[in-house]
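Trainee: I am new to this structure and would like to go through it with you. Could we take it one piece at a time?

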Amino acid sequence: MQAAVLGALLLAMVWLVANVQSNLERQNINSGFGFLSERAGFGINQTLIDYTEDSSFGRVLTVGLLNTLLVSVLGVFFATVLGFSLGVARLSSNWLINKTAMVYVEIFRNVPLLLQIMFWYFGVLRNLPTPRQAVSFGDAMFLSNRGIVVPAIEAGSGAGWYAAALAIGLAAFIWLRRRARLALADGTMMPIWRPLLMVTVASFGVAALLAGVPFSLDVPALKGFNFRGGITVIPEFVALLLALSLYTAAFIAEIVRAGIQSVSKGQREAAAALGLPDKTALSLVVIPQALRVIIPPLTSQYLNLTKNSSLAVAIAYPDIVSVFAGTTLTQVGQAVEIIFITMMIYLSLSLLTSYAMNRYNARIALVGQDA
Amino acid sequence: MTGFTPTPARPAPANTVGFVGWARENLFATKLDSLLTVLAITLILYVMKVVFGWAVIDASFSGSDRTACLKDVQGACWPFIEAKFGQFIYGRYPDAERWRVDLVFAAGLIGLVPMLMPNVGHKRANMIFLLGFYPVFAFIMLTGGVLGLAAVDTTDWGGLLVTLVVAVTGIVASLPLGILLALGRRSDLPIVRALCIGFIEIFRGVPLITVLFMASVMLPLFLPDGVNFDKLVRCLIGVALFSSAYMAEVVRGGLQAIPKGQYEAAAALGLSYWKTTRLIILPQALKLVIPGIVNTFIGLFKDTTLVLIVGLFDLLGIVQLHFTDASWATPETHITGYVFAGAVFWLFCFAMSRYSIFMENHLSTDRNGS
């Protein structure tokens with residue numbers, strides 16, 4: 001029986017490969033991955049690394065992948081913040097807050113994401129005034145149909161001292177948290193935030209004394225038909241990020257609500273009986289248990305967000321599908337290789353994310369059992 | 001002696017009953033609550049003012065071209081929707097033949113409504129109508145070419161028609177495929193299991209858009225010279241394969257929840273694998289995962305919009321297409337069109353999610369009652 005399945009599958013594969021080969025030959029399409037080093041010859045309007053029209057298709061792939069990662073990572077961040085707030089609001093005893101959050105969730109999760117992306121892009125951002133009539137925020141930030149222009153911070157010499165101060169702050173945070181976590185085993189509560197604040201203020205004070213203020217602002221200004229200076233955030237990016245965050249936040253809100261509700265009331269009462277203040281009970285009793293329920297579905301939402309970022313192609317945000325499986329494919333014509341590479345990249349992203357989240361999940365599960 | 005007459009109970013304090021009491025408890029319980037309530041009321045009033053102002057007060061309601069929607073302060077351009085409504089529902093389906101689409105919609109409703117109401121009997125006959133007769137009927141009516149019906153090419157289909165065709169085909173195909181994949185994933189045969197796991201994980205790991213690209217660009221390469229599918233059919237295959245992978249994981253959740261004793265009891269009765277699966281396991285497993293199945297359907301319904309990227313005109317695609325009509329080009333046309341399409345999609349998805357909640361409650365009372 002199994003041999004039959006395998007045999008049929010192999011036969012089908014052979015047949016398909018033969019078809020592909022004869023089709024490719026007939027249409028004069030090359031095969032292999034040599035095209036990756038050829039000159040691309042088209043421009044991309046958002047590149048995190050150096051890219052010109054003379055760069056190769058391989059470079060196009062990297063640029064697209066980085067753009068995908070950028071929008072996904074920021075999207076995950078905003079969706080998590082908004083989603084957790086909404087999830088908590090859904091459990092609020094305040095009727096109005098509760099229902100407002102519910103209306104938000106019901107509206108945003110029942111409308112297709114692609115429609116939302118297009119709404120923000122074609123409906124809202126593309127309808128903004130031209131740079132000449134741009135909406136100005138204190139003459140430093142401008143909103144127009146070319147996107148958002150914000151001042152850029154330029155670091156001069158001596159900025160290294162500030163970087164060092166930041167590093168000290170981060171190291172102190174990690175050490176303080178670790179100390180608090182270890183101390184908790186004996187039931188001792190160690191402060192984190194107050195010493196952290198003192199360390200940070202002190203280290204930044206020293207940096208300021210040593211280096212003065214080595215930063216300057218590059219404020220954008222209207223020159224001709226567009227802005228010069230500052231950092232321009234393209235409208236495609238804003239629309240995609242906005243839609244992805246708002247849409248995914250609705251799903252995360254429901255996950256968080258279900259997670260917190262899954263912690264039985266007795267746990268909270270027991271914590272109160274032990275004399276834990278509300279805030280401590282929340283952070284030491286309710287949230288760790290809720291997280292265990294929340295993390296697995298949250299992971300799949302993060303994965304969905306990453307995969308959904310491929311809808312960028314509809315508004316021509318230069319993500320991997322748009323510049324590689326789109327533009328490159330039409331120029332090179334090697335559909336098999338290009339679709340294969342794109343799918344493999346998404347697969348690896350998915351596997352990496354779920355690996356990381358599984359590790360995190362295992363850690364919180366353990367913490368629960370130790371306590 | 002006079003008997004003991006109890007003093008009648010005094011009414012509860014006025015500020016703990018009625019609306020005042022409710023508001024004190026639910027809106028102004030603490031200082032923070034009061035602040036949040038005031039903030040929320042401000043926000044709600046503001047949003048309502050914007051939405052109501054746009055959709056009603058500043059909106060245009062009649063007119064036959066863009067001039068109706070060019071005012072100083074302009075809200076929604078509803079005449080655009082009115083003028084294009086037929087297109088949004090049927091696409092370029094010929095005017096004279098649209099009754100066929102209506103008939104298919106009507107027959108679908110007639111078959112579906114009693115199916116969805118748990119108290120209406122004759123489920124088996126209903127099922128045969130929906131899954132046996134209806135697809136054939138819909139196919140003949142929509143494509144035509146036989147029985148004296150004029151042939152309508154699928155490139156002329158569009159709007160809500162395409163959305164529903166893709167969604168319904170996806171739903172009907174993904175459930176059995178998903179069940180087979182889920183069974184395969186739990187099978188004892190290592191090769192079948194490996195194949196099913198590979199299929200499920202690959203399709204769940206990549207975005208639908210790459211699957212659709214694959215279906216529209218690569219599928220023609222895989223087929224022998226001369227054999228070619230319609231673009232719509234290629235998209236249907238892509239959507240069905242994609243959602244069957246998700247369906248498989250939902251069904252697997254249900255299969256895992258069935259206690260081992262059920263399998264053992266079936267084996268003790270001498271039932272074969274397929275009989276066990278069909279008569280004992282699946283009915284219980286599927287009932288457990290109805291919410292998950294409906295969620296997959298909702299996701300699939302929303303995902304049908306992606307077919308516009310590979311060049312089909314579903315509801316969103318056709319709305320998008322009509323923005324290019326110069327006689328309706330106004331600053332508000334885009335938003336009006338998106339709001340209309342969004343409302344239609346929302347209605348379908350919201351109805352499905354409410355139905356799922358209803359079924360969940362209905363089934364859980366059944367279980368408690370027995």
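Predicted model: local features only at pLDDT ≥ 70, side-chain atom pairs only at ≥ 80, totals over all residues.

Mentor: Gladly! Residues are numbered from 1 along each chain as its sequence is written, and chains are lettered from A and ligands numbered from 1 in the order in which they are written.

Trainee: Which residues form the covered face of β2(A)?

Mentor: In a regular strand the side chains alternate between the two faces of the sheet. The uncovered face of β2(A) has A:Met141 and A:Leu143. That leaves, on the covered face, A:Phe142 and A:Ser144.

Trainee: Which residue in β3(A) is the bridge partner of A:Phe142?

Mentor: Two strands pair if DSSP finds at least two bridges between them. β2(A) and strand β3 (residues 147–150) of chain A pair in the antiparallel sense over 3 bridges, and they form a hairpin with 2 residues between them. Within β3(A), the partner of A:Phe142 is A:Val149.

Trainee: Which residue takes a positive phi in the hairpin of β1(A) and β2(A)?

Mentor: Strand β1 (residues 135–137) of chain A runs antiparallel to β2(A), joined by 3 bridges, and A:Phe137 stands opposite A:Met141. There are 3 residues between these strands, and the one with a positive phi near 60° is A:Gly138.

Trainee: How far apart are the end C-alpha atoms of helix α3 of chain A?

Mentor: The expected span is 1.5 Å times one less than the number of residues. Helix α3 (residues 95–109) of chain A has 15 residues and should therefore span 21 Å. The distance between its end C-alpha atoms agrees: 21 Å.

Trainee: Which element of chain B gives the most to the side that touches chain A?

Mentor: Contact here is between residues whose C-beta atoms, placed from the backbone, lie within 7 Å. It takes 44 residues from chain B and 46 residues from chain A. α2 (31–57), α7 (190–205), α8 (208–222), α13 (315–322) and α14 (333–369) of chain B each supply at least two residues of that side of chain B. With 10 residues, the one that gives the most is α14(B).

Trainee: What distance separates the centres of domain 1 and domain 2 of chain B?

Mentor: The bounds, from an automatic or database domain assignment, are 89–156 for domain 1 and 158–314 for domain 2. Taken over C-alpha atoms, their centres are separated by 23 Å.

Conventions:
Contact = placed C-beta atoms within 7 Å. Helix = DSSP H or I, 4+ residues; strand = E, 2+ residues; numbered from the N terminus. Buried ≥ 20, exposed ≤ 12 C-beta atoms within 10 Å, placed from the backbone.
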